[in-house]
Amino acid sequence: MKNTVATLQAQKDNHDKITMLTAYDYSTAKLMDEAGINMLLVGDSLGMVMLGYEDTLPVTMEDMIHHTKAVSRGAKNAFVVGDMPFMSYQTSIYDAVYNAGRLMKEGRCHAVKLEGGMSVCPQIKAIVEAGIPVVGHIGLTPQSVNALGGFKVQGKSEEAARKLIEEAKAVEAAGAFSIVLECVPAKLAELITASLRIPILGIGAGVHCDGQILIYQDMLALFSDFTPKFAKQFANVGALMKQAFADYIKETKEGAFPGPEHGFKIDDEVIEKLKQ
Ligand code: KIV
Ligand code: NA
């Protein structure tokens, strides 16, 4: 079944958890889609896990469109969300609508995501009015890493928690159909999830959110530069890959690979003639 804004809302209403993973390429998106994932996020985290930057700030619209195109081609039923990169929406409402439009038109995603609370509500409203569904993103917002002073848990004090609840409500009121809540205490996330109508997708936000999102390199142990506390390792695919690469190197050096079964035949007669 194809996932839509309406089916995702129905999942919240029916207490059926929404599943979401990041994806950045065609073949991985296809595997996740076949496994039955509800949503795929082409996150600007691709700057870190795919491109090797220290944070998400250098990611461009061109990077996002390129990867979103690939993921959209691999997703048959999953609802694809494209992330708006740093400075593609903060600068003006015009830029926000223009770039959200590009991401949807060229990347072929079903919705866009952008970071921030009250300060980006005019942008959310304008993008939604253009017919583009929006996912909000509050709590730890990695594009503001320099303002936040690092990647750390948000909303711990009463003041910060109140502000986060206000931001969630404002983003909902601006027209977002869902919100990613990143790195906040589980009990606060539970409170926010209960007080909002739209689905809350948690990452490092406890079990009471309406759904979960993870960066797939984190859950598969494919990225060792930085591992957040909330990233459960579901399989050590990184170790498996490294072993396979080492086996390939060894077998190639030894002449054990390729075997006859991996090659193509030619009539001996032809070779004999060539040798004459
Ligand atoms: O870019 C990303 O992967 C994200 C998720 C962590 C929510 O924004
Ligand atoms: Na992101």
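Me: In this predicted model, which residues is Val112 in contact with, once its neighbours within four places in sequence are left aside?

Reply: Setting those sequence neighbours aside, Val112 is in contact with Val81, Gly82, Met84, Ala100, Leu103, Met104, Ile127, Ile132 and Val134. As a general idea, nonpolar side chains in soluble globular proteins tend to be buried together. Here the largest nonpolar core has 69 residues, and Val112 belongs to those with the most contacts inside it, together with Leu40, Ile179 and Leu181.

Me: How should I read the sheet, and in what order do the strands of the barrel run?

Reply: Strands of a sheet pair through backbone hydrogen bonds, and the pairing is either parallel or antiparallel. In this model eight strands form a closed barrel in the order β1-β2-β3-β4-β5-β6-β7-β8, with parallel pairing. Between neighbouring strands of this sheet the turn is 25° on average, with direction ignored.

Me: How many bridges join β1 to β8?

Reply: Strand β1, residues 18-22, runs parallel to strand β8, residues 211-214, and four bridges join them; within this pairing, Ile18 has Gly211 as its bridge partner in β8.

Me: Is strand β6 enclosed or open, and which way do its residues point?

Reply: In a regular strand the side chains alternate between the two faces of the sheet. In β6, Ser178, Val180 and Glu182 point one way while Ile179 and Leu181 point the other way, and all of them are buried. Because five of the five residues of β6, which covers 178-182, are buried, the strand is largely enclosed by the rest of the structure.

Me: Which strands pair with β6, and over how many bridges?

Reply: Strand β5 (residues 134-139) pairs with β6 in the parallel sense over five bridges, and in that pairing Val135 stands opposite Ser178.

Me: Which residues does the UniProt annotation "binding site" cover?

Reply: According to the unreviewed UniProt entry, the "binding site" annotation covers Asp44, Ser45, Asp83 and Lys113. These residues span 70 residues in sequence, yet no two of their C-alpha atoms are more than 12.4 Å apart, so they gather at one spot.

Me: Where do Asp44 and Lys113 lie, and are they buried or exposed?

Reply: Asp44 is placed in the loop between β2 (39-42) and α3 (46-49), and it counts as buried because 29 C-beta neighbours fall inside 10 Å. Lys113 is placed in strand β4, residues 111-113, and is likewise buried, with 25 other C-beta atoms within 10 Å. Leaving aside neighbours within four places in sequence, Asp44 is in contact with residues including Thr56, Val59 and Asp83, whereas the corresponding contacts of Lys113 include Leu41, Asp83, His137 and Val180.

Me: What separates the C-alpha atoms of Met39 and Ile213?

Reply: Although these two residues are 174 residues apart along the chain, their C-alpha atoms are separated by 8.7 Å. Met39 lies in strand β2 and is buried, with 25 other C-beta atoms within 10 Å; among its contacts beyond four places in sequence are Ile18, Met20, Phe79 and Val81.

Me: Finally, which domains does the domain assignment give?

Reply: The assignment gives domain 1 (5-235) and domain 2 (240-275), and the centres of these domains, taken over C-alpha atoms, are separated by 45 Å.

Key
Residues numbered from 1 in each chain as written. Chains lettered and ligands numbered in written order. Predicted model: local features only at pLDDT ≥ 70, side-chain atom pairs only at ≥ 80, totals over all residues. Pairing = 2+ DSSP bridges. Helix = DSSP H or I, 4+ residues; strand = E, 2+ residues; numbered from the N terminus. Axes fitted to C-alpha atoms, helices over the stretch in contact; angles between N-to-C directions. Domains from an automatic or database assignment. UniProt positions renumbered as here; feature names shortened; annotations may be inferred. Buried ≥ 20, exposed ≤ 12 C-beta atoms within 10 Å, placed from the backbone. Contact = placed C-beta atoms within 7 Å. Core = buried A, V, L, I, M, F, W, Y, C linked by C-beta atoms within 7 Å.
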